[in-house]
Amino acid sequence: MRMKAGWRAMETADLDRVMAIAEVVHPDYPEDRAVFAERLALYPDGCAMADADGIGIGYIVLHPGRLGVPPPLDSPLGALPEAPDCLYLHDVALLPAARGLGLAAAALERMDALAARQGFRWLALTSTPGARAFWDAQGFLPQDGGAGLAAKLASYGGGMTYMTRPVKG
């Protein structure tokens, strides 16, 4: 029997589940609960939970950003940037049980729709080495931002790639 799955707005009550999913999906990139709580408080439109039959099986966290200026891993923003020029994908995580349910494609559609509604022309993200092929297939291209960008990416560990793609739609 196929699970019924979809995306919904994230709520503060979901943060414990977000942390549990993050521990499974991103064990090498730990972040404090306060980082997720701050993103949700600053930009709730960009935070969503993937549910299947009422159980959280993934999440996505987006926020306005500046091209070429990703936030360091596990760091609060303090505030959204002035004059943002992209929608930044802070994190997306789907448990293995979410595979084959169409949630990744739906997350990308959600990103594009939100960015278009809010007037952003670009999506940006920092890809882990294991996710790079997925983002390549979605049309994201690596960007070379020089030493400043390299220093921020170093906070994530080796092999990270900053990538951008024009908003579709």
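Leaving aside residues up to four places away in sequence, Leu80 touches Leu42, Tyr43, His63 and Pro64, where contact means heavy atoms within 4.5 Å. This is a predicted model, in which local features need pLDDT of at least 70 and side-chain atom pairs count only at pLDDT 80 or more, while totals for chains, interfaces and linings use all residues. Residues are numbered from 1 along each chain as its sequence is written, and side-chain values use heavy atoms, with hydrogens and water left out.

**The sheet**

- An open sheet is formed by 7 strands in the order S1-S2-S3-S4-S5-S7-S6, with mixed pairing; helices (H or I, at least four residues) and strands (E, at least two) are DSSP runs numbered from the N terminus, and two strands pair if DSSP finds at least two bridges between them.
- The edge strands are S1 (5-9) and S6 (141-142), each of which pairs on one side only.
- S4 and S5 pair in the parallel sense over 3 bridges, and Leu89 stands opposite Leu125 in S5.
- S5 also pairs with S7 (residues 161-166), in the antiparallel sense over 6 bridges, and there the bridge partner of Leu125 is Met163 in S7.
- Because 5 of the 6 residues of S5 are buried, this strand is largely enclosed by the rest of the structure; buried means under 20% relative accessible area, exposed over 50%, and partly exposed in between (1.4 Å probe, protein chains only).

**The helices**

- S4, H3 and S5 make a right-handed β-α-β unit, right-handed meaning that, with the strands pointing away from the viewer, the path from the first strand over the helix to the second runs clockwise.
- H3 lies across S1, S2, S3, S4, S5 and S7, running at about 35° to S1; axes are lines fitted to C-alpha atoms, for helices over the stretch in contact, and angles run from 0 to 180 degrees between N-to-C directions.
- In H2 (residues 33-42), the buried residues are Val35, Phe36, Glu38, Arg39 and Leu40, and what covers them includes H1 (15-25), S2 (47-52), S3 (55-65) and S4 (86-94).
- At the start of H2, a side-chain oxygen of Asp32 reaches to within 2.9 Å of the backbone nitrogen of Ala34.

**The nonpolar cores**

- The largest nonpolar core has 39 residues, and those with the most contacts inside it are Met10, Ile57, Tyr59, Ile60, Leu87, Met111 and Phe140; such a core is a set of buried Ala, Val, Leu, Ile, Met, Phe, Trp, Tyr and Cys residues joined through side-chain atoms within 4.5 Å.
- Two or more residues of this core come from each of H1, H2, S2, S3, S4, H3 (103-117) and S5 (122-127), and H3 gives the most, with 6 residues.
- A second, separate core of 10 residues includes Tyr29, Leu73, Tyr88 and Tyr156.

**Two individual residues**

- Arg165 has its place in strand S7 and is buried, with a relative accessible area of 4%.
- The side chains of Arg165 and Asp112 are joined by a polar contact of 2.5 Å, a term for a pair of N or O atoms within 3.5 Å; within protein, one must be able to donate a hydrogen and the other to accept it, and residues adjacent in sequence count only if both atoms are side-chain atoms.
- Leu80, found in the loop between S3 and S4, is partly exposed, with a relative accessible area of 29%.
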